[in-house]
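Work through the exercises below with the sequence and the coordinates open. Try each task before reading its solution.

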Amino acid sequence: MEQKKEGKTLTDVQLTRDTRNIPIGKVGVKDVSYPIVVMDKNKKFQNTIARINMYVDLPHHFKGTHMSRFVEILNKYREDIALDKLEVILSTMKEKLGASNAHLEMEFPYFVEKKAPVSKAKSLMEYTCTFSASLSDHFDFVLGIKVPVTSLCPCSKELSSYGAHNQRSIMTVQVRYSEFIWIEDLIDIIEECGSSPVYSLLKREDEKFVTERAYENPRFVEDMVREATVRLLSMENITWFSVEAENFESIHKHSAYAAIERKKG
Ligand SMILES: Nc1nc2c(ncn2[C@@H]2O[C@H](COP(=O)(O)OP(=O)(O)OP(=O)(O)O)[C@@H](O)[C@H]2O)c(=O)[nH]1
């Protein structure tokens with residue numbers, strides 16, 4: 001649409017022709033900070049703030065996409081950006097930007113109340129979650145969660161006269177599903193796969209408990225992704241998953257890493 005500035009026409013540069021004959025797969029805005037609402041198993045919903053990426057494809061003949069429209073679409077759905085709105089947001093992106101594919105990625109902190117294992121002291125644990133949705137001919141949605149756990153090295157336990165090296169690990173799980181899955185339930189499943197869950201609040205009796213539990217339950221990164229795979233394969237409503245484990249090694253400068261991806265059916 002043409003606009004005027006100081007009597008002059010404001011050219012829509014983005015609409016001008018590009019002659020390089022190269023279509024673009026993803027173009028848009030990245031790292032927009034915006035409030036969203038996430039369904040919470042215990043409190044019905046939780047307000048949080050997401051870092052949002054929004055992309056569409058661009059045909060070869062256009063110079064640019066219209067960046068302001070992405071943020072206009074977010075504004076249109078403000079107060080109401082939730083899982084059940086992702087498809088309509090993507091559809092609006094396709095329509096307003098004349099695109100055939102639209103992508104929406106959100107990364108946000110999600111808080112779960114957790115009880116310490118012995119004292120039962122309650123505290124809030126933060127988990128980083130991701131929603132990755134896209135719409136072409138069909139809607140696709142992937143839920144992702146980063147779950148911190150403790151891992152204790154089986155090899156170190158076997159070889160050492162005292163103790164065993166142990167560290168904080170991050171397990172990253174991503175799932176496609178046929179029926180809704182609570183973030184909380186997926187966290188519980190993944191936390192079983194390390195040597196011990198981690199907590200944000202531990203009293204002395206809890207510290208003794210988690211230290212001994214990790215020692216009794218040594219796990220390599222290979223064990224962690226295999227344990228997760230056994231559990232995720234047994235869940236019928238999960239149609240695809242990927243699981244990664246990264247140990248931020250306490251005796252090496254590098255991490256130990258393992259990953260498994262499975263499509264079911
Ligand atoms: N396409 C594109 N736009 C950019 C980029 N960096 C900044 N922008 C700016 O994004 C702003 C918004 O552009 P548009 O959405 O086309 O704004 P508009 O023409 O007023 O909006 P419409 O009337 O909806 O087309 C412009 O000021 C661009 O200069 C870039 O790398 N690519």
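**Exercise 1. A loop residue**

Is Asn 21 buried or exposed, and how many other C-beta atoms lie within 10 Å?

Solution. The model is predicted, so begin with confidence, using the scale from 0 to 100. The protein averages a pLDDT of 95. Of its residues, 98% score at least 70. Asn 21 sits in the loop between strand 2 (8-10) and strand 3. Now count neighbours. Asn 21 has 7 other C-beta atoms within 10 Å. The cut-off for exposed is 12 or fewer, so Asn 21 is exposed. Last, check the backbone. Asn 21 is not a glycine, yet its phi is positive, at about 60°.

**Exercise 2. The partners of strand 7**

Which strands pair with strand 7, and over how many bridges?

Solution. Start with strand 6 (residues 122-135). Strand 6 runs antiparallel to strand 7 (residues 139-152), and eight bridges join them. Within this pair, Thr 128 has Lys 146 as its bridge partner in strand 7.

Move to strand 8 (residues 166-177). Strand 8 pairs with strand 7 over ten bridges, again antiparallel. In this pairing, Val 149 has Ser 169 of strand 8 as its bridge partner.

Finish with strand 9 (residues 196-197). Strand 9 and strand 7 are antiparallel and share two bridges. Here Ser 196 of strand 9 stands opposite Thr 150.

**Exercise 3. The domain boundary**

Where are the two domains, and how many residues of each are in contact with the other?

Solution. Domain 1 covers 16-137 and domain 2 covers 140-265. The distance between their centres, taken over C-alpha atoms, is 27 Å. Count the contacts. From domain 1, 21 residues are in contact with 21 residues of domain 2. Then trace the side of domain 1 that touches domain 2. Strand 5 (102-115) and strand 6 each supply at least two of its residues. Strand 6 gives the most, with eleven residues. Sort this side by class. It has 13 nonpolar, six polar and two charged residues.

**Exercise 4. The ligand shell**

How many residues surround the ligand, and which are the closest?

Solution. Check the prediction of the complex. Its ipTM is 0.90 and its pTM is 0.93. Count the shell. Nine residues surround the ligand. The closest are Gln 14, Gly 64, His 66, Met 67 and Ser 68. Classify the shell. It divides into two nonpolar, five polar and two charged residues.

Note on methods: Residues numbered from 1 in each chain as written. Predicted model: local features only at pLDDT ≥ 70, side-chain atom pairs only at ≥ 80, totals over all residues. Near = placed C-beta within 6 Å. Nonpolar A, V, L, I, M, F, W, Y, C, P; charged D, E, K, R; others polar. Pairing = 2+ DSSP bridges. Helix = DSSP H or I, 4+ residues; strand = E, 2+ residues; numbered from the N terminus. Domains from an automatic or database assignment. Contact = placed C-beta atoms within 7 Å. Buried ≥ 20, exposed ≤ 12 C-beta atoms within 10 Å, placed from the backbone.
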